[in-house]
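Student: I would like to go through this model with you, one question at a time. Could we begin with the side chains and then move on to the helices?

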Amino acid sequence: MTLVIKSFNQRWFRLPLRVRGTLIVSIPISCLFVTLSILAWLKFNLIEDEAWVQHTQTVRLETKYLLNALLDAETGMRGYGLTRQNEFLRRYEQATLTIPHSINTLENLVDDNPEQTLRIQAIRNQVNDVLDIFEHKLTLQEDLTRIQGANDILVPVESLYNWLKEGQNDIVTTRDAIERFADEEQTLLIQRIQHRDRHQQLTFLFLILAATIATLASWSAIHLFYELEQELANRQQHLKETNDRLESVCNQLQRFTANASHELRAPLAVVLSNTQIALMALNQLEDSPETAKERLEKVVKTTKQMSELIGELLFLARHEGLLAPEKRQPIDISQLLLELAKDWTSHCRDKHLSFNAHILETNIWVEGDENLLRQAVTNLLSNAVRYTPPGGQIELRLEPKKSALIHVKDTGIGIAEAALPHVFERFYCADLKRSKASGGFGLGLAIVEQIIQIHGGTVQVESQLGKGSLFTIALPIV
Amino acid sequence: MRILLVEDDFEQREPIQFILKQSGHIVDAVEDGTTAQWLIEETDYDLLILDWMLPGQDGIDICKQYRKLGKTSPVLILTAKDTTADKVMGLDGGADDYLVKPIDLEELLARVRALRRRSPLWSGDRLEVSGLSLSLETMTLTWQNQDLSLKTRDFQLLEYLMRHPQQVLSHQQIEQALWEWGEEPESNAVVSRIKRLRQTLRQLAIDPWIQTIYGMGYRFEPPQDNQP
């Protein structure tokens, strides 16, 4: 038993919440409908039973009328025969009129019951016979009176009575038949009343049963509903806890990056400033040893690179996921690129590179963080400058298509095909020699990709070794 | 220039203090916000260099408080925080400039020079009084096409005198202006500093410009006929 309940419980809890809720609501509703329909059916049966009882009683009443009428006819006939008073004759005539009518009514009433119909037909025949006898005797007497004159013939009363009494057997038989019919109806009535009473009891029992079941169903529905609510509350609590945990992890991460930036930079600051002071002191000396100066300069340079690396790593750690909505501002990307182009034209001139910008002066709006986007394009441009030998060309182009396309193209040393899929990976360098010469860490492109990704855009690269590279940023236009 | 430097880490503070002093500035270097707060109320600084993250009161708070006192000298914030939002927050807090650690000392000196130009107490890179010109960058004194390189201590004193020409300056005033906070000058320190400066100025024959007002102090008095 407990096993069954257990397995039922398991199955129940595995159901989706919506299904469980619907089932819980459907318990009382289905109970209500079933109860109502069964009650209606029982009520209908009761009405029908009642109708049958009424019907049977009507039949019995009508049978009584018939018997009475028959008795009236007999007494009327006999009384008239004996006394010749018209009062008896009237009674007789009235009864003979009532009898066929009564039999007709009875036949109509019992036409649903073949046995009783047969009986009533037999009764009709017998009654007709009896009435014929009555009629015959009356006619005979009147004929006799007419032939023999009024009071000439005196028939002894006793003989007359006996004559009149002839055919009594027939009447008794008829009466018996009618009484049997009545008895039959009586039995039927008793049966039907019993049937009705049984139905009444059944209805009552059913009502009690329905009330019990409804109470149980309501109770279980309420119980299940509370359970469901409890479960929902638990889930919410659970979600909230998870949320809190996530939030605290997020805060920890933020604190960590803040602390890390502080803790990593402080010692660097000490190294850098002390080395610089030593270097300045050496510079003030008349005959400072050149090697010492060079070495200190190397320390300064490396420290600065280290600081840059920390900056880039922290940047990558800080900008995971998508850009926070509050940091999304509409930016005119063409305006931003025009500003950048201005800076880079002179910068490229210094490096003996030609710089071409193809940017239409129409507003193209994208959504995001202006500084981050500037950083992304700047990284691409500085890469282009870094890897393009003097005399080369750098091109910055903005194409407003489905999305805003920013092309940064150079005629530099290019990237080997095997390296192309990896250029956006952190600390990836196409070849070691190159990275050593250029002084980069291999994070610049990773930062570009991350910035563009948090803006919901993409960045792609095409390149041919020795011919140059083309980086394309695609940003969704607002 | 009198500079307040607030940085909690001695290892970081010391080189900055050293290089600023070497460039001829008088530097009050403290390690916590509470002392800094007291000092900004007591002393007039030409420049504040504040670390952002300090125990007690942070650099931005000190900066805000400083502005609330109605003081306008430039404020430079040093910090390890490098996001744009942080920079904006720092600059909005009343700072004039922002340097991310690790700072390049040469850059720091350049920024300090740039901020000095902005200071209401200063103008330009040279101080000129009656044809006598003092370069604040190189600590060089020029008089009638003759250059004279000054030592830091002489430079600081002469600069102070040249900023207050024809005023009688008491020993106490000079002490307050030239000695760093926490440094206790000896009783005859001002006298010996003046004496040394006079000796230096003798090379240009302008030592009589510093006059002794007995019982009161000193006065920097350029001769009237020397005016161009």
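Student: Which residue forms a salt bridge with A:Glu370?

Tutor: This is a predicted model, in which local features need pLDDT of at least 70 and side-chain atom pairs count only at pLDDT 80 or more, while totals for chains, interfaces and linings use all residues. Side-chain values use heavy atoms, with hydrogens and water left out, residues are numbered from 1 along each chain as its sequence is written, and chains are lettered from A and ligands numbered from 1 in the order in which they are written. A salt bridge here is a side-chain nitrogen of Lys or Arg within 4 Å of a carboxyl oxygen of Asp or Glu. With closest N and O atoms 3.1 Å apart, the partner of A:Glu370 is A:Arg374.

Student: In which helix do A:Glu370 and A:Arg374 both lie?

Tutor: Helices (H or I, at least four residues) and strands (E, at least two) are DSSP runs, numbered from the N terminus. A:Glu370 and A:Arg374 are four residues apart, about one turn of the helix, and the element that holds both is helix H9 (residues 370-386) of chain A.

Student: Is A:Glu370 buried or exposed, or does it fall in between?

Tutor: Buried means under 20% relative accessible area and exposed over 50%, with partly exposed in between (1.4 Å probe, protein chains only). A:Arg374 has a relative accessible area of 24% and is therefore partly exposed. Because A:Glu370 has 36% relative accessibility, A:Glu370 also counts as partly exposed.

Student: Which parts of the chain does the salt bridge between A:Arg91 and A:Asp72 link?

Tutor: The side chains of A:Arg91 and A:Asp72 meet at 3.9 Å, N to O. The pair links distant parts of the chain, 19 residues apart, with A:Arg91 in helix H3 (residues 86-109) of chain A and A:Asp72 in helix H2 (residues 17-83) of chain A.

Student: What is the relative accessibility of B:Arg13, whose salt-bridge partner is B:Glu31?

Tutor: The closest N and O atoms of B:Glu31 and B:Arg13 are 3.9 Å apart. B:Glu31 lies in the loop between strand S2 (26-30) and helix H2 (33-42) of chain B, and B:Arg13, 18 residues apart from it, in helix H1 (residues 10-22) of chain B. B:Glu31 counts as partly exposed at 43% relative accessibility, whereas B:Arg13 counts as buried, at 10%.

Student: How many salt bridges are there over all chains?

Tutor: Some salt bridges share partners, and these join A:Arg20, A:Glu231 and A:Arg235 into one network. Over all chains, the count comes to 31.

Student: Why are H2(B) and H3(B) described as roughly parallel?

Tutor: Axes are lines fitted to C-alpha atoms, for helices over the stretch in contact, and angles run from 0 to 180 degrees between N-to-C directions. Angles under 35 degrees count as roughly parallel, over 145 as roughly antiparallel, 65 to 115 as roughly perpendicular and the rest as oblique. H2(B) and helix H3 (residues 59-68) of chain B pack with their axes 10 Å apart at an angle of about 15°, and they are therefore roughly parallel to each other.

Student: Which residues does B:Gln65 touch, not counting those up to four places away in sequence?

Tutor: B:Gln65 is found in helix H3 of chain B and, at 24% relative accessibility, counts as partly exposed. Contact means heavy atoms within 4.5 Å. With residues up to four places away in sequence not counted, B:Gln65 touches B:Gln37 and B:Gln57.
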